[in-house]
Amino acid sequence: MDPLISVIVPVYNVEEYLPRCLRAISEQTYRNLEIILVDDGSTDGSGAICDEFAENDSRVKVIHQPNTGLWAARNTGHGAANGEFLFFPDADDYFSRDLVSLLYKAINSGNGYNLAICRMKMTSISTPLEEIPSIDEIKMTEKSQDDLFGDLFGREGEKQYAVFMWNKLFRASFVKDLRTNNYARSQDKDYMIRLSFKLDKAILVENQLYYWFQRKGSLSHEHVAWYLFHGCRARICYSNLMNLPEDGRRFSHYLLDELYVRMLFWMSLAWVKPEWNTVALECAKMFKDTKQDYRRCREIPLWKRVVCLFLMRHPRLTYWLRRVSRN
């Protein structure tokens with residue numbers, strides 16, 4: 001029998017989209033699944049949809065818990081999982097019926113992989129599952145640890161495949177002690193940074209199997225203060241720098257580069273907000289702890305280091321530069 005794969009879905013107020021995601025899971029061509037739905041205190045009909053789905057599929061387990069956020073819901077599901085492999089789709093997305101089967105094939109393709117990834121497509125169109133083509137042939141590319149870090153911190157676009165948790169199949173024994181951290185945004189990136197320090201390689205399925213649905217009001221597209229997003233990214237980079245494993249020091253320039261860019265955006269966005277003093281103090285500490293390493297980091301262009309170090313000491317100028325650039 002094929003090994004058990006745990007599909008862990010955090011669910012919060014997605015009643016309009018959840019049935020499509022659940023159908024995509026239930027119709028996977030890979031059948032030996034454990035489906036764990038974590039209802040994170042939904043106030044709409046999402047919890048009832050989960051319960052009804054469980055009544056019709058013996059592979060489903062539903063966990064209802066008070067609302068504590070995406071990171072906690074994923075951790076709850078991870079803790080309850082029994083599978084040899086883990087898949088963490090988002091409840092408002094959808095994907096090919098062959099996704100689990102193909103990622104399972106990739107992760108066991110003979111080179112000792114602990115992570116398999118597929119390409120994804122960003123879309124605002126609800127494509128019927130019947131119209132998603134079956135995959136007859138897959139193309140696979142091995143990604144080294146250097147490749148993974150380069151793509152994690154690369155420009156958005158095709159490299160986005162590296163950042164998220166939901167387009168990946170994880171070997172459970174490899175991530176047994178790894179959990180998402182409590183950040184209001186960008187938990188996925190933090191998780192993937194910490195995981196990539198442990199990986200020496202991964203396998204990428206070049207086919208687009210996962211559809212990242214862009215819905216109004218989704219967590220990644222709410223019209224919330226952007227300083228929160230940049231603040232979380234800055235904290236993630238700082239935390240990983242402070243806990244850098246010795247054999248991961250060669251990747252520190254990625255963290256330093258993003259840390260300073262995110263701090264500048266964060267301070268410029270907080271300049272006219274009540275949170276300014278708190279943000280300024282936190283950035284001052286991060287700056288103090290990292291400035292020497294940043295100054296000496298030859299992998300970051302000299303002009304960029306000079307500009308960032310100057311602007312760090314002149315947040316009001318950064319605020320006005322951002323305002324001008326938007327006009």
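**Group meeting talk: rings, salt bridges and a buried helix**

Let's start with F95: its relative accessible area is 1%, so F95 is buried, where buried means under 20% relative accessible area, exposed means over 50% and partly exposed is in between, using a 1.4 Å probe and protein chains only. Before I go on, this is a predicted model, where local features need pLDDT of at least 70 and side-chain atom pairs count only at pLDDT 80 or more, while totals for chains, interfaces and linings use all residues. Residues are numbered from 1 along each chain as its sequence is written, and side-chain values use heavy atoms, with hydrogens and water left out.

Okay, so what does F95 pair with? A quick word on rings first. A pair of aromatic rings is described by the distance of the centres and the angle of the planes. Here, rings of Phe, Tyr and Trp (its six-membered ring) pair if their centres lie within 6.5 Å; planes under 30 degrees apart are stacked, over 60 edge-to-face, and the rest tilted. Searching the whole structure gives 20 aromatic pairs. In one of them, the ring centres of F95 and Y210 are 5.6 Å apart with the planes at 15°, so that pair is stacked. F95 sits in strand β5 (residues 94–95) and Y210 in strand β9 (residues 201–213), so to speak distant parts of the chain, 115 residues apart, linked by the pair. Strands here are DSSP runs of E, at least two residues, and helices are runs of H or I, at least four, both numbered from the N terminus. Y210 is buried too, at 0% relative accessibility. And there's a cluster around here: ring pairs link F87, F95, F164, W166, Y210 and W212.

Now another ring pair. For F170 and Y191 the centres are 5.8 Å apart and the planes are at 90°, so this pair is edge-to-face. F170 is in strand β8 and Y191 in helix α6, so the pair ties together parts 21 residues apart in sequence. Both F170 and Y191 are buried.

That brings me to α6 itself, residues 187–198. How far apart are its end C-alpha atoms? They are 17 Å apart, which agrees with the 16 Å that its 12 residues should span at 1.5 Å a residue; the expected span is 1.5 Å times one less than the number of residues. Of those 12 residues, 11 are buried, so α6 is largely enclosed by the rest of the structure.

N75 is in α3, and at 17% relative accessibility it counts as buried. Setting aside neighbours within four places in sequence, N75 is in contact with R179 and T180. In α8 there's S252, buried at 16% relative accessibility. Not counting residues up to four places away, S252 touches L241 and L244.

On to charges. Side chains of opposite charge can pair when their charged atoms come close. I'm calling something a salt bridge if a side-chain nitrogen of Lys or Arg is within 4 Å of a carboxyl oxygen of Asp or Glu. The whole structure has 15 of them. R233 and E258 form one, with the closest N and O atoms 3.4 Å apart. That pair links distant parts of the chain, R233 in helix α7 (residues 226–242) and E258 in helix α8 (residues 252–270), 25 residues apart. R233 is buried at 12% relative accessible area, and E258 is buried at 9%. Salt bridges with shared partners join K189, R233, E258 and R262 into one network.

Buried or partly exposed: which is it for R23? R23 is partly exposed, at 31%, and its side chain meets that of E27 in a salt bridge, 2.8 Å from N to O. E27 is also partly exposed, at 28%. By contrast, D57 and R59 are both buried, and the closest N and O atoms of their salt bridge are 2.9 Å apart.

That's my tour, happy to take questions.

How values were computed. Contact means heavy atoms within 4.5 Å.
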